[in-house]
Amino acid sequence: MATLEIRDLHVSVGDGADATEILRGVDLTVQAGETHAIMGPNGSGKSTLAYAIAGHPKYEVTSGSVTLDGEDVLAMSVDERARAGLFLAMQYPVEVPGVSVSNFLRSAVTAVRGEAPKLREFSKEMKQAMDALAIDPAFAQRSLNEGFSGGEKKRHEILQLEMLRPKVAILDETDSGLDVDALKVVSEGITRFASGDTGVLLITHYTRILRYVKPDFVHVFSAGRLVAEGGPELADELEEEGYEKYTKAGASL
Ligand SMILES: Nc1ncnc2c1ncn2[C@@H]1O[C@H](COP(=O)(O)OP(=O)(O)O)[C@@H](O)[C@H]1O
Ligand SMILES: [Mg+2]
């Protein structure tokens, strides 16, 4: 059973005198098969948490720990994190003209599994995964992220999940521009993973996706800390009442 443990995590951005502490002590445990939603107002530090776990160079961990099955994630390179079983959706957002989706996926699969899959088997596996996600076969030959619509980016995200089968997936759903069809495909993909062995950390400002993905736990972020925790009913409460109560609490910290 995989476990991601975040303990008293403090993260700053900026250098020297300009450094600002964004995360101010975050504690969170995600186990295999659990879905955790992290919600919170804009600017509360949700994406910073994702970037810090991903190993983005701009986000400096000043104290605290992140471990996956007891292994120190913060000591790992970005590639090692992926090989250890962490999936971070925003890790490859760049457009790469000339690199097809199919090439990209094969490299990613090779990096994570430690050996290149046989081309025929890989093609079959990819085709099955794309069918399941209702992705047009022509998508495999598109240049990576080039001109992808919001819906295509999200489908690609879930396709990567399907192919890489991580232990823990961190999905930062900042993009609210999904139409209902894309939202359903993505939500079904996430739900399929979440009910298996994968632990899911779903970061979202809006409650919309939580109508389709039922989290086991909902956490509320405010001013760089987790300030409330509950079950799916907490998401319903946030939808009704917004974040005001929590931003006030955050401001007085
Ligand atoms: N690379 C960065 N440089 C400077 N400030 C940043 C950077 N990334 C995030 N911040 C600041 O950190 C705070 C939290 O941002 P973020 O983690 O993106 O919040 P959220 O995802 O909850 O909207 C914001 O005040 C934001 O301006
Ligand atoms: Mg964000």
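In which sense do strand 9 and strand 10 pair, and over how many bridges? The close-ups below take this up in the first view. This is a predicted model, in which local features need pLDDT of at least 70, side-chain atom pairs count only at pLDDT 80 or more, and totals for chains, interfaces and linings use all residues. Residues are numbered from 1 along each chain as its sequence is written, chains are lettered from A and ligands numbered from 1 in the order written, and side-chain values use heavy atoms, leaving out hydrogens and water.

**View 1. Strand 9 (residues 168–172) and strand 10 (residues 199–204) pair in the parallel sense over five bridges.** Look for Ala169, whose bridge partner in strand 10 is Val200. Strands here are DSSP runs (E, at least two residues), and helices are runs of H or I with at least four residues, numbered from the N terminus. Two strands pair if DSSP finds at least two bridges between them.

**View 2. Six strands form an open sheet with mixed pairing, in the order 6-9-10-3-11-12.** At the edges, strand 6 (86–88) and strand 12 (225–230) each pair on one side only.

**View 3. Three residues of helix 1 (residues 46–54) make up the largest share of the shell around ligand 1.** Residues around the ligand include Lys46, Ser47 and Tyr59; a residue is near a molecule if one of its heavy atoms lies within 4 Å of it.
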